[in-house]
Amino acid sequence: MQKITSIKGRLIYDSRGNKTIEVDVITDNKYVGRTSVPSGASVGRNEVINFPNGKPEQCLMAINDNYKKFLGIDPIDLKCIHDTIREIDNTDNYSNIGGAFAFAITIAAMESASKFLHVPLFKILTNKPKLEFPIPLGNILGGGLHAGIGTPDIQEILICPHGSKSIRDAVEINFNVHKELCNVLYEKNLNFTGGRSDEGGWAPEINNEEALEASCKACENLGYVLGKDVSLGIDLASSTQWDPKCEQYIYKHNKLQLDEEKQIEFVSDLIERYKLIYVEDATHQDSFEAMHELTNKFPNVFITGDDLTTTNKRILSHAIKSKSCNAAILKVNQAGSLYDALQFAQHANENDIKIITSHRSGETIDSQIVHIGISTGSKMLKIGVVGGERISKINELIRLSEYDLIHGMTQL
Ligand code: PGA
Ligand code: ZN
C-alpha cells in the first residue's frame, strides 16, 4: 500500500505579499503533493479561522508538532486524514491549529495520491461518470474591500460567458471584455490610471451604476449580446456594508443608506436593469429571509450565498430550509479541510443548490481549485481574469480541456 512518508511545511507569500503556509506531502519518498493557502479580505463571520490568532507562524508550528501523526496513512484516504486532523483539533472553527493546516494537508495529500496513481486530481475526487466544465466567472471591475477609496461599493462585477461552446472561447471572451472595459473606462474617466483591485478587476473612481454601465458597454462594443452570449454578475459582499447597530446598508461611494427592504428593491432593480445572471451576498450574512425574497423573485438568477453559507454544511441546511439561495460559493478554506468542503458540496448537489467553486482575493499560484470545481459538479468557477495567481488557474482549465473524460461545458 502507498503511504505518506514525509510532510514539510514552510512559510511563503501570497498575492498580497502576506505570509501564508505551503505544505509538501510526499508519498513513498517520491510523489510530491504541494499546496499553499489563500486568504480572504471580506471574510464571513462563520468561516473557520485560517491561522491561529491570525499568525501563519503558529500554524506552521502546529504542522511541525503534528506531522508525524500522518506518516503511514494512504494519501488517498481523505477521511482518515481528516479524522487525524480532528484528533488534533476538534474545535468547530479549527481555532487551535488553523483551517490552513487542514486545507493544506488534505489537498496536498490528494495531489500526492494523484501523482502516485498517475491520474488527474479531479478524477480521484469523484466517482461521477459524467463530468462537465464549469463556466469561468471572471472579475472585471473591483470595489469595496478589494479596491481603494473612491471605487464602487459593489465589491466585484463579474463576466459570465455562458453562451460559449468551449473553455477556450469562454476564457477568451473574459479576456476580451476585461481589455475592452479598460478602454471604456479610459474614455469615460480622465482620472483612471489603469489601477486594479486585489482580484485583477479594474479599480476606477466611479459609482456602482457607472461601473455597471461601463461593463455593459464593453460587452456591447465587442458585439456580445447580454443575456445570450454573456451576462454580468455582481458580488455585493453585503456584510461589509451592513451596520448592525443602525440596521442599514451604508454605501459610502453612492452616499446611500438602505434598510433591508430598500436593499431588496435596490438589488432587484440592478438585476432587471443590467440583466444580471449572478448575484452573490445580495444581503448580509444573517439575512436568510431577505435572501429568500430574492431567491423567490428571481428563480433564473444565481442568487448565491458566500458569507451567508461560508462552505458550512450546517448553515447550508438552514439556507435550504428557508430557501435563501439557489447557489452557493465553495471556498475550501472557509470550511477547513477538503473533506469538510466535499461534504458541503455533496449536500448542495443533493438539494439542487448550484455550486460555484471560488478563489480568494489573496491567492497563490496553485490551481487545485480547478480540479475541485470540476469534481464537485460546479456550474461556475470563480477564478478571476488576469494576474499571475488567476492565470495559473485559467491555464489549468485550458490544460484540463484536453481530457475527453469531461463532456463539454455545463449548460445554465
Ligand atoms: P475574499 O472574498 O476577499 O474573502 O476572498 C471574495 C468574495 O467575497 O467572494
Ligand atoms: Zn463573495
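Entry 1, two backbone angles. I started at Lys-275, which is found in the loop between α7 (260-273) and β11 (278-280). I note at once that this is a predicted model, and I read everything below with that in mind. Lys-275 is not a glycine, yet its phi is positive, about 50°. Is Lys-275 buried or exposed? I looked up its relative accessible area and got 53%, so Lys-275 is exposed; the cut-off for that label is over 50%.

I then went to Asp-281, in the loop between β11 and α8 (288-297). Asp-281 is also not a glycine and has a positive phi, here about 45°. The relative accessible area of Asp-281 is 2%, so I logged this residue as buried.

Asp-235 and Asp-306 link distant parts of the chain, being 71 residues apart. I placed Asp-235 in strand β7 (residues 231-235) and Asp-306 in the loop between β12 (302-305) and α9 (313-321).

I checked the accessibility of both aspartates. Asp-235 has a relative accessibility of 1%, so I count this residue as buried. Asp-306 comes out at 2% and is buried as well.

I also looked up Ser-231, which lies in strand β7. Ser-231 has 3% relative accessibility and counts as buried. I took the C-alpha to C-alpha distance from Ser-231 to Tyr-278 and got 8.3 Å, for two residues 47 apart in sequence.

I listed the residues around ligand 1 and found 14 of them. Those that come nearest are Ala-41, His-146, Gln-155, Arg-360 and Ser-361. Next I looked for side-chain polar atoms facing the oxygen atoms of ligand 1. Arg-360 has one at 2.7 Å from an oxygen atom of the ligand. Lys-331 has one at 3.2 Å from a ligand oxygen. For Asp-235 I found a polar side-chain atom at 3.0 Å from an oxygen of ligand 1. How much of ligand 1 does the protein bury? Taken alone, ligand 1 exposes 280 Å², and I find 100% of that buried by the protein.

How many aromatic pairs does the structure hold? I have eight. One of them is Phe-70 with Phe-101, a tilted pair with 6.1 Å from centre to centre and 50° between the planes. This pair links distant parts of the chain, 31 residues apart: Phe-70 is in the loop between α1 (56-66) and α2 (78-88), and Phe-101 is in helix α3 (residues 99-117). Phe-70 has a relative accessible area of 0% and is buried. Phe-101 also has 0% and is buried.

I next took Trp-242 and Tyr-249. Their ring centres are 4.7 Å apart and their planes stand at 50°, so I logged the pair as tilted. Why does Trp-242 count as buried? Its relative accessibility is 17%, and buried means under 20%. Tyr-249, at 0%, is buried too.

I also noted that Tyr-186, Phe-192 and Trp-202 form one aromatic cluster.

I found the charged end of Arg-86 over the ring of Tyr-94, 3.9 Å from the ring centre. I found Lys-354 over the face of Phe-302, with 4.7 Å to the centre of the ring.

I looked up Val-370, in helix α12 (residues 368-375). Its relative accessible area is 0%, so Val-370 is buried. From Val-370 to Ile-250 I get 35 Å between C-alpha atoms, for residues 120 apart along the chain.

Technical notes:
Residues numbered from 1 in each chain as written. Chains lettered and ligands numbered in written order. Predicted model: local features only at pLDDT ≥ 70, side-chain atom pairs only at ≥ 80, totals over all residues. Heavy atoms only, no water. Helix = DSSP H or I, 4+ residues; strand = E, 2+ residues; numbered from the N terminus. Buried < 20%, exposed > 50% of the residue type's maximum accessible area, 1.4 Å probe, protein only. Phe/Tyr/Trp six-rings, centres within 6.5 Å; stacked < 30°, edge-to-face > 60°. Lys NZ or Arg CZ within 6 Å of the ring centre and 35° of its normal. Near = heavy atom within 4 Å. Polar contact = N/O pair within 3.5 Å; in protein donor to acceptor, adjacent residues only side chain to side chain. Areas by Shrake-Rupley, 256 points an atom, 1.4 Å probe, with all protein chains shown as cover.
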